[in-house]
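Colleague: Hi! I'm new to this one, could you walk me through it?

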Amino acid sequence: MFDLMKTIRPNIWKLKPYSCARDEFKGEASVYLDANENPYNNPFNRYPDPLQLKVKEAIKKVKGVSVKNIFLGNGSDEAIDLVYRIFCEPKEDNVVAIAPTYGMYGVCANINNVEYRSVNLNDNFDFTAKELLEKADEKTRVIWLCSPNNPTGNTLNSKEIETLLTQFSGIVVIDEAYIDFSSQPSWSKKLKNYPNLIVLQTLSKAWASAGIRMGMAFASESIIALFNKVKYPYNINILTQKEALGILSNKSEVDLWVKTLLEEREKMTKELQKLKITEKIYPTDANFVLVKVADANKTYNHLVSKGIIVRNRNTVVLCSNCLRITIGTPEENETLLNELKKL
């Protein structure tokens with residue numbers, strides 16, 4: 001059984017968070033003389049809403065998740081780091097993750113001095129709950145999953161994920177950065193079923209807003225309260241909040257972008273299969289394809305010489321001679337294919 005109290009670091013449970021001026025006052029006022037702000041250069045002279053309530057209301061409408069179940073971070077990376085700081089005691093606890101997967105889970109583990117244990121995926125780039133649970137012990141606080149996974153692109157087996165959520169006594173994080181390109185439903189719809197579940201999403205991919213750096217974490221109200229307790233007071237600046245509200249109000253255009261990218265993904269897959277250098281194209285539910293070629297380093301260097309940048313994953317476990325190719329505009333995709341045809 002999951003017990004949140006037993007999962008949290010004791011010092012975090014006892015932590016008295018910093019109380020900023022805007023935490024102590026709710027609503028609107030005509031005169032603000034509480035936060036030592038400069039009275040000139042409105043609106044940039046004012047500290048932003050520390051809980052980003054307007055943005056969360058907009059996300060609620062789009063994602064169907066209650067405001068109390070939403071945390072906003074400076075990219076998903078902030079939420080990833082907070083998971084370590086809230087739940088993992090440095091030098092004592094450990095986490096378990098699949099491999100290959102998004103590299104920041106391991107980087108943040110090293111930064112926070114937490115042991116990182118990885119379990120290789122199978123030939124279909126999937127996993128079994130049994131293998132991950134066998135890798136865990138009494139000091140395992142978190143299991144990391146990315147679905148659709150990066151760099152493989154595939155959606156992980158939902159039954160195996162359910163097994164983890166019910167059998168693991170710690171936190172299970174499902175990173176859904178690419179969920180908008182998948183036909184599978186988000187795990188955020190099942191937060192009430194699993195108190196140990198944290199779902200990560202982002203505005204960087206389908207929402208075409210990587211530059212504003214806004215990530216989302218969806219979890220129980222108790223876990224979100226811990227995120228807000230530990231985060232820095234004004235972690236999302238006023239410009240990011242403004243741009244987020246703009247893009248979230250433009251869902252119809254975002255849906256069109258996603259539709260176009262999915263169509264281009266299908267075209268790219270068919271064209272890449274025709275190339276002499278292509279050995280295998282892996283199934284994908286993301287806005288990229290993982291392609292195994294005859295010589296990844298040679299292919300990558302040729303593309304770089306032509307000013308075309310893809311991701312060389314040749315040194316990543318299970319990804320020998322693989323390139324990860326993001327789906328671009330039709331023109332960008334055509335430029336890439338024309339160069340690959342020369343090899």
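Modeller: Happy to; we'll go through rings, cysteines, strands, a pocket and a few backbone details.

Colleague: What should I know before we start?

Modeller: This is a predicted model, where local features need pLDDT of at least 70, side-chain atom pairs count only at pLDDT 80 or more, and totals for chains, interfaces and linings use all residues. Residues are numbered from 1 along each chain as its sequence is written, and side-chain values use heavy atoms, with hydrogens and water left out.

Colleague: Rings, then. How many aromatic pairs are there?

Modeller: The count comes to 8 aromatic pairs. Rings of Phe, Tyr and Trp (its six-membered ring) pair if their centres lie within 6.5 Å; planes under 30 degrees apart count as stacked, over 60 as edge-to-face and the rest as tilted. One of them is Tyr102 with Tyr105, an edge-to-face pair at 5.5 Å centre to centre with 85° between the planes.

Colleague: Is Tyr105 buried or exposed?

Modeller: Tyr105 is buried, with a relative accessible area of 0%, while Tyr102 is partly exposed at 26%. Here buried means under 20% relative accessible area, exposed over 50%, and partly exposed in between (1.4 Å probe, protein chains only).

Colleague: Which cluster do those two belong to?

Modeller: Ring pairs link Tyr102 and Tyr105 with Tyr84 and Trp144 into a cluster. Another pair is Trp187 with Tyr194, which is tilted: 6.5 Å centre to centre and 55° between the planes. Both Trp187 and Tyr194 are buried.

Colleague: Which charged ends sit over rings?

Modeller: The charged end of Lys229 sits over the ring of Trp13, 5.9 Å from its centre, and that of Arg324 sits over the ring of Phe288, 5.6 Å from its centre. The rule asks for NZ of Lys or CZ of Arg within 6 Å of the ring centre and within 35 degrees of the ring normal.

Colleague: Switching topic: how many disulfides?

Modeller: A search of the whole structure finds 0 disulfides, a disulfide being a pair of cysteine sulfur atoms within 2.5 Å. For Cys88, the nearest cysteine sulfur is that of Cys108, 11 Å away. Cys88 is buried, with a relative accessible area of 1%.

Colleague: And what about Cys146?

Modeller: Cys146 is in no disulfide either, and its nearest cysteine sulfur, that of Cys319, is 13 Å away. Cys146 is buried too, at 2%.

Colleague: Now strands. Where does strand 1 lie, and what does it pair with?

Modeller: Strand 1 covers residues 70-73 and pairs with strand 7 (residues 215-218) in the antiparallel sense over 4 bridges. Strands (E, at least two residues) and helices (H or I, at least four) are DSSP runs, numbered from the N terminus, and two strands pair if DSSP finds at least two bridges between them. Leu72 stands opposite Met216 in strand 7.

Colleague: Which residues of strand 1 are on each side?

Modeller: Ile70 and Leu72 are on one side and Phe71 and Gly73 on the other, and all of these are buried.

Colleague: What order do the strands of the open sheet take?

Modeller: Its 4 strands run in the order 8-9-11-10, with antiparallel pairing. Strand 8 (278-281) and strand 10 (311-312) each have a single partner strand, so one side of each is left without a neighbour in the sheet. Strand 9 (residues 288-293) and strand 11 (residues 322-326) pair over 5 bridges, and Lys292 has Cys322 in strand 11 as its bridge partner.

Colleague: How much space lies in the largest pocket?

Modeller: About 730 Å³. Of its 21 lining residues, the closest to the centre are Glu28, Tyr47, Pro48, Asp49 and Lys54. On a 1 Å grid over the protein atoms alone, a pocket is an open set of points where a 1.4 Å probe fits, with protein on both sides within 12 Å along at least five of seven lines; lining residues have an atom within 4 Å of a point. The volume is the space filled by probe spheres set on the points, which are joined across faces, edges and corners.

Colleague: Which element gives the most to that lining?

Modeller: Helix 10, with 4 residues.

Colleague: Last one: where are the cis peptide bonds you'd point out?

Modeller: One joins Ser147 and Pro148, with omega about -5°, and another runs from Asn150 to Pro151, with omega near 20°. Pro148 is in the loop between strand 4 (140-146) and helix 8 (158-167), and Pro151 is found in the loop between strand 4 and helix 8 as well.
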